[in-house]
Each structure stands twice: as C-alpha cells, then as structure tokens.
Amino acid sequence: MILEAIHDPELGCLFGGVLFLLILSTLIGRRLKRRRKTDASRSIIDDLNNRKGAWWNMCAIFAVAVVIGRVGALVLFAIISFLAMREYMTLVPTRRGDHRTLFWSFFVIMPLQYCLIGMRWYGLFAVMIPVLAFVFVPTSIAIAGDTEHFLERAGKIQFGIIVCAYCLSHAPALLFLRVPGFEGHDARLLLYLVIVDQMRDVLQYLWGKLIGKHKIAWRVSPNKTWEGFVGGVASATALGTALWWATPFTPLQSAGMSFTICLFGFAGSLVMSAIKRDIGIKDFGVVIEGHGGILDRIDSLCFAAPVFFQLIRYYFVP
Amino acid sequence: MSNSIHPMASVLAAVARGISGVQVQWAGCEPDERQRIYFANHSSHLDFVVLWSALPSEIRAKTRPIAAKDYWEETSPRRYVAKNVFHAVLLERGLVTKAQNPEEAQFAGRQLVEHMADALGTESSLILFPEGTRGSGEKIGPFRSGLYYLAQRRPDVELVPAYLENLNRILPKGEILPVPMLSLLTFGKPIQVEPEEHRDAFLERAREAVASLRRIGPA
C-alpha cells in the first residue's frame, strides 16, 4: 500500500490539495491574527486557528493511515474509537452495576468489530453490534441486578457503542470494499469522505459567521444557522462533485454522494450537540482538558460514514 | 528504606496512568521535595498508584503509602507489592475500636501514630487515605483521627489534600478488571492544625479540604 500511495497520482493530488489548503489557511490565519481589529473578528480567528490545529493532526493521522496500509489504518481507527468511547462513557452517567458491561464494550465488542472488518466478514460485521451487542448490553446489566434507571443506562451504553464503535468503524471499512475497476485505490474513498465531511463543517461555520441569521435549533447549538447549513452543504457538495475524478463515481453520482455525506454529517454534529447539552457541557473536550475533543471532531463522521459505506456497497459492489 | 524506585513500581505506575488517563492539576501548591503527608479520598485500588505516579520521580522515591496490614499481608503477591515494590507502611486496623478500655485504645492509637511518625523519619513523605477503607466514591466518609494526631506529632510536615475523581468508576471495590474511563487528580492548598483546634473540628476541615477539590461532581 505504501507503494500504491506513491504510484497513485490521484491520491497524491487529493493529499496535495489538502496540504495546500492547510498551509494556505495557516498562513492566512497568522496574518489575520496580527491584523485583527474588533473583538468579534478576533474570536472567530482564534476559533479557526484552534480548529486548524486539530485538522493538521487529522491530516497527519490520515497520511499515516494511508502509508501504513489497510491493517494499520484499521488499528488507527480502532484507537480513535477507543478514545472516543472513553470520552463518551466518562461523561455519561453509569452506575456500579454497569461495570462489567462497560468492560466488555471496551475490550471485547469494540475490538471484535474491527477484527471482523479486517477479516472481511461482512455478514457478521454488519449485525454484530445492532443484533448481538443490542441483546448483550441490557442482559448483562440485568444480570448485575441493579434496576435503577435501567432503561436509561442500557440505552446510553448502547448509543455509545453504536456511535463510537459501529458507526465509526464504517470509515476504515471503506478500505476493505472491493469496488470493481477501483481495486487498490480504496484509500481515496476514505479521504474523499473525510474531506467532504470536514469541509462541510468549516464551510458551514464560515457561511454561518458571514451571513447566518436564522437559527436552526438555538437551544441545541446557537452557532448553527439555516444560512450556514445551506451554504455549507451546497459548497461542500460542489467541492465533492469537483473531486469525482478521484472516485469511482460519475460527476452526478459524486454530487449525490457528497450531498448525502453533508446531510448525515450535519445530523451527526447536531445530535452530538444535543447530547452535550443534555450532559451539561459545551465540548466533550472541555471537562477533561488535554484528553478530550476526539468525539467533537468525529461526531459528523460517525453519522456520515455508515451511509456512505452502504451506498457504495449497494450501488458499486456487485 | 532505600531511596530507589522498584522497577515494578514504575511499570505499575505507567499502567495505572494509562488505564485512568489521569489529568493532574496542582491547584493549591506545587510539587516539592519537602516532607509532606498527602491525604485523599479513597474509592479504588488505583488511588494510591495514580497519586504516587503523579509525583515527580525524585519525590516519588521518597513517598510511601500507608496501607492496611490485614489486607495487604493476606496473600503473598499482595505482601510483595506492598512491602517490596512500594515500601508501604503497614498499619493494623481495628486496634483502637477493639480495645477493651479507653487506656488501651489510647495506647494503641499512640502506637499507630508513632509508627507513622517513624516512617516519616527525616526525609520521607506519606500518602494517607484517612477514611481508612475504600468507599463507593459517591461521598467521602468520615476521617479517622490518625491524621490529626500525626499532624500534631509532626507539625513540620505539610498536609496536602488531594481529590481523586472517577477512579471509583474505573476500578471499583470488588472488581478486578478496570474500565478505562478518564479521571482527574487535584492537589489542594496545604492545611495545618490550628493551635487549640479540637480533633473533630480539624478532621471535618480536612475532609472539607479534600471534598472542595471535586471538579465534576457526582456522576
């Protein structure tokens, strides 16, 4: 795969583009930081500069993932799943009686999910968590014997496993799809997903700051506006369409795919904001400074990855 | 006691830090090589190792835990970990409560304090869990009086409160397998026994000093 990455000019172009954008925005960010005038513009610039740090890290992670190959990328995503689940379970109230269930979630269910992907055992990979873990979680909590808030606890743990392990695992699963005529280029699919998803996030933010007026759900997330949503989805879809040459899609298909990624990604970040409101924090990273923030970065990816994966599998894999 | 760190202690400390993802904050004081008694809430076997691992290595080499003799001498692996790996000061529990009369209780109590004061010596520090046993982690239990008498006996030693948060969810009492959630450790401002301060008033104040360091609140 390391050779593939070097011998795959389209992949090189995608990466080059991302790097170029990052360098450009970092330079612009520095210049703006020196020139900033009002408090409002200062906070936006600081916010963007902070996000950029995370993007550099993500970019580095994906570069490593592509270079070390399929299995390496799988391990990398398993680690991200682990860290995300760790953040989630830390902040979600669980009780003493959930201890063993949680142990199984971290050390059996989640690693098993990634093993199944590595084995290309699609049949079990797709149902293990929704069917088997779904039954396992409430049963093991019931066996522990504590019935207080039973449904809430079981539901919260199940949601965490679905989002952090099941949903996210569909991103590296893209590397194990066999799209006819596209063999050896699977890394591009993963990169395409991440680029469209992350660009939707930042473009939505920028559009929202520029012309945003009408809030979508101010109680959930005061920063999300209809103008930002439409602008972000439209411009990220346009970008995704323009990247059709790196994918097995036609330009029209690429538009449909990136539009879907945008919609589901938006849903993901909205839902995660609502959960954070529920728990009473602004960012998953704030409470546990220095460790947190992973769930904040991958919230949209968690919702977009499964649908992107299933669409490709349904339409492009015979 | 030797001043070198047992290799297994370093390994256990690294493992405990990895599992607990602990974030350390020195809120009321800075790490210092002077003699101290760190006292904290107790809800998990990880408590001591996590607290100990949060100290810089020069300080770590001179810092010993106070532990219950009955529990830590029960099996030989436990005894090895307590004595050889962490150089624990093992105290017998229940001597004071089991005593037949007040004189005997007073004598037993004085002996325990003497034992801890000996362990402090001229350069050691101690880690003490004044609740005496692991709690559920929901609230801090009443403090045993040893801390008060030890503080009176050695007024030159600084008393540093610390709060260990979430470790009861990572490795609760009665479990042997940990769940790797994240945890917090906060060191507070040192306290001392005021002149003429009554035992119970001081112990309550010490408990407050630990409780006030809680950052997230009960889960």
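Two residues count as in contact here if their C-beta atoms, placed from the backbone, lie within 7 Å.

Take the contacts in chain A between residues at least 6 apart in sequence: 69% of them join residues at least 24 apart. A compact globule of 318 residues would have a radius of gyration near 20 Å, and chain A agrees because its value is 20 Å. Of the 318 residues in chain A, 41% are buried.

A word on confidence. The average pLDDT of chain A is 86, and 91% of the residues score at least 70. Within chain A, helix α4, residues 99–118, has the highest confidence at 96, while helix α10, residues 284–287, has the lowest, at a mean of 53. Where pLDDT is low, the predicted coordinates should not be read in detail.

Now one helix pair in chain A. Helix α5, residues 122–144, packs against helix α6, residues 150–173, at an angle of about 145 degrees, and the axes are 10 Å apart. The crossing of α5(A) past α6(A) is right-handed. Which residues meet there? From α5(A) they include Ile129(A), Phe134(A), Val137(A) and Ile141(A). From α6(A) they include Phe150(A), Ile157(A), Ile161(A) and Tyr166(A).

On to chain B, and a sheet. In what order do the strands of chain B lie? The order is β1-β7-β6-β2-β5-β3-β4, which makes an open sheet of 7 strands with mixed pairing. At the edges are β1, residues 23–26, and β4, residues 89–91, of chain B, each pairing on one side only. On average, neighbouring strands of this sheet are turned by 20 degrees against each other, direction ignored.

Helix α7, residues 102–120, touches β3, β4 and β5 of chain B, and its direction makes about 180 degrees with that of β4(B). Helix α10 of chain B, residues 199–211, touches β2 and β6 of chain B, with about 45 degrees between its direction and that of β6(B).

Technical notes: Residues numbered from 1 in each chain as written. Chains lettered and ligands numbered in written order. Predicted model: local features only at pLDDT ≥ 70, side-chain atom pairs only at ≥ 80, totals over all residues. Pairing = 2+ DSSP bridges. Helix = DSSP H or I, 4+ residues; strand = E, 2+ residues; numbered from the N terminus. Axes fitted to C-alpha atoms, helices over the stretch in contact; angles between N-to-C directions. Rg over C-alpha atoms; globule rule 2.2 N^0.38 Å. Buried ≥ 20, exposed ≤ 12 C-beta atoms within 10 Å, placed from the backbone. pLDDT = per-residue confidence, 0-100. Left-handed = near helix turned anticlockwise from the far one by under 90°.
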